[in-house]
Amino acid sequence: MRKILSGPGLLVLALLFAATAVAGDEGGGKKLDGKQLFKERCKTCHGADAPAGEYTPMFLIQEQWTKFFAEDYAATHKGLTVSATDTTKVLDAITPEMLEAIRAFCHEGAADSEHPMTCG
Amino acid sequence: MKHAIILLAVLAVAGPSRAGDPPVSTHQEYFEHYEGTATCLGCHQEEAESFFHSQHYQWRGETPDLVNGEGRRLGKLNTMNDFCTSPGANWIGNVTNSDGAVLAQGCSKCHAGLGKRPEPVLSREQLENIDCLICHASGYRRDLYQDAAGEAVWKPILWRNQPGLDSVAKRISLPKREMCLRCHAGAGGGQNYKRGDIEYALAGCDRDYDVHMGSDGQDMACIDCHTGADHRVRGRGADLSGTDVPGPRLACAECHDEAPHAEPVLDAHARRVACETCHIPTFARTDPTDMVRDWSTPQRHEAANKFSATITLEKDVVPAYAWWNGKSRLQPLGEPVRVEKDGTVGIMLPQGSRKDRGARIYPFKLHRGRLPVLADERWLVPIAVEEFFADGDIDKAVREGGHDAYGREAIDYEWVDVKRYMGIYHGVRPVEHALQCLDCHGEGGRLDWAALGYGEDPVRKRLK
């Protein structure tokens, strides 16, 4: 059984978190769309058969998502850039608000939630 | 009393079954990795064997409450219903539309097994087919996959995430409301389509919605009423063929007094009128329920890119009322249909009458439909509905269903109108919402007195 969110695959995951704003403004007011963020930043490289491994909200349980965002996300993404051409640090590109929207989406669609989600 | 002791003993281990509780890892120390049902069998062989014989696994059982059971073991596996007709040709498999969207996965989606059909003879293979987690693990979800041999099997959606699967598999408890509702509220093709009075809303409702299950009421779990031992569950209702626990019927009077009202006239009513009749004024209060399913007229759903029978949904439905003495009459497969006075075939009919002192007036969901019968033998024909959802070819679906049920290569068939009475027992409301005298005895009251054998309202007759 593979490890959850560790190893080289994390580099690819990190690259997914590009700097583009999603679902309206980031300056407060509108609630960010976690599903859209996940789809645009994560799903492109974590679809079926992706080298980095497939991830959707329902691949982990709520407890695992909670641990990942609280303990693992920053450490595993430290130093990674958005892409080969965009040297913005992933940790800078993803605002706390965006990260919270993604976390909430993953938590609500986790495998042990009432409605597990695949993120389309 | 024995049941109560067993229940309390298990609760002491498993903790209370209440909606909204955080998951509790009751089996943390019992095993390291969940490797399928074999892991459970390591300690629970006896429980698995008892479950194997239950109706929840066999989908058939003894039929002491059918007037025409004739000693047969019957249930949804070998009878026909007026929703998706029969598991026969519809057991398992993903059916997709031209967009690749999954339209149906088969009746086994709600069988507490991992994909194999239940066999009457116990074997290790059958025991390992039992899916303990679907009823006992909080947060467990499964989906349909192909195994190495290409067979469709139900597997946990966490099958590639062993730490997550282990965590869920260790959260074992008696079934909570939401676990029961996964299947019992979603049956028939949509939320609340089949039963009408078993809604997802019951998982987290208030007392006004249901005095028993409301979190500010008694906050009861399903199994607080549907008690039992050895995985046999009481409370067959009026339209199940098999009876899991033969003997006295599950009754309100097991907890409530036989004469609980302040007004003697109401206690007098209770001798011939079931509690549910007054205390459940309507059903399908949140999600609409399927009241008519006509398979003779396929309906195209453009947005979903699929076909269905023509289904009439209704919400906040006033029940139909009929006498019931606890027995029912089934229309079996392979027997000429019995046509009632109104020209319909009764798929399941409650027995009893005004003259039957063991009968009381009960509320029912009266489900109507249109189903195929063989033109010559007049036998009901199950429909292979799964592929129909994608291609809309009802003729092909009937012929395939007929072949599966009766082994006939070619059939001639006709369409008949059918009906089924389904008891209404859930959604008991606070007393202030119970029916009042004039709801039945007023002008245009809800009871059909003639159909109940009275000729006219007995109160109004007395007043004349």
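# A guided tour of a two-chain model

Begin where the chains meet: the contact draws eleven residues from chain A and ten residues from chain B. Select the side of chain A that touches chain B, and colour it by residue type; eight of its residues are nonpolar, one is polar and two are charged. Please bear in mind throughout that this is a predicted model. Its scores are ipTM 0.76 and pTM 0.88.

**Chain A**

Of the 120 residues in chain A, 33% are buried. Now consider the contacts in chain A with a separation of 6 or more: 73% of them involve residues 24 or more positions apart.

**Confidence along chain B**

Turn to chain B and colour it by pLDDT. The mean pLDDT of this chain is 93, and 95% of its residues reach 70 or more. Residues 1–19 of chain B, however, have a pLDDT below 50, and this stretch has 26 contacts in the model beyond near neighbours in sequence. Where pLDDT is low, the predicted coordinates should not be read in detail.

**Paired strands in chain B**

Select strand E5, residues 289–301 of chain B, together with E6(B); the two pair in the antiparallel sense over eight bridges. They form a hairpin with four residues between them, and in the turn Asn305(B) has a positive phi of about 55 degrees. Which residue of E6(B) is the bridge partner of Asp294(B)? Select Thr310(B) to see that partner.

**The largest nonpolar core**

The largest nonpolar core has 55 residues, and those with the most contacts inside it are Ala322(B), Phe364(B), Val381(B), Val385(B) and Tyr421(B). Among the elements of chain B that each supply at least two residues of this core are strand E2 (102–104), strand E7 (320–324), helix H12 (394–406) and strand E11 (413–423). E10(B) gives the most, with five residues.

Centre the view on Val385(B). Leaving aside residues up to four places away in sequence, Val385(B) touches Cys84(B), Thr85(B), Asn90(B) and Ala397(B). Apart from this core lies another, of 52 residues, which includes Ala111(A), Leu165(B), Met179(B) and Cys180(B).

Select Glu387(B), which lies in helix H11 of chain B. Is Glu387(B) buried or partly exposed? It is partly exposed, because 19 other C-beta atoms lie within 10 Å, while a buried residue needs 20 or more. Glu387(B) touches Val95(B) and Ala397(B), not counting residues up to four places away in sequence.

Finally, select Leu330(B), in strand E8 (residues 328–330) of chain B. Leu330(B) is buried, because 24 other C-beta atoms lie within 10 Å. Not counting residues up to four places away in sequence, Leu330(B) touches Leu66(B), Asn68(B), Leu74(B), Thr79(B), Ser241(B) and Met348(B). To end the tour, draw a distance from Leu330(B) to Ala169(B): these residues are 161 apart in sequence and 39 Å apart in space, C-alpha to C-alpha.

Definitions and conventions
Residues numbered from 1 in each chain as written. Chains lettered and ligands numbered in written order. Predicted model: local features only at pLDDT ≥ 70, side-chain atom pairs only at ≥ 80, totals over all residues. Core = buried A, V, L, I, M, F, W, Y, C linked by C-beta atoms within 7 Å. Buried ≥ 20, exposed ≤ 12 C-beta atoms within 10 Å, placed from the backbone. Contact = placed C-beta atoms within 7 Å. Nonpolar A, V, L, I, M, F, W, Y, C, P; charged D, E, K, R; others polar. pLDDT = per-residue confidence, 0-100. Pairing = 2+ DSSP bridges.
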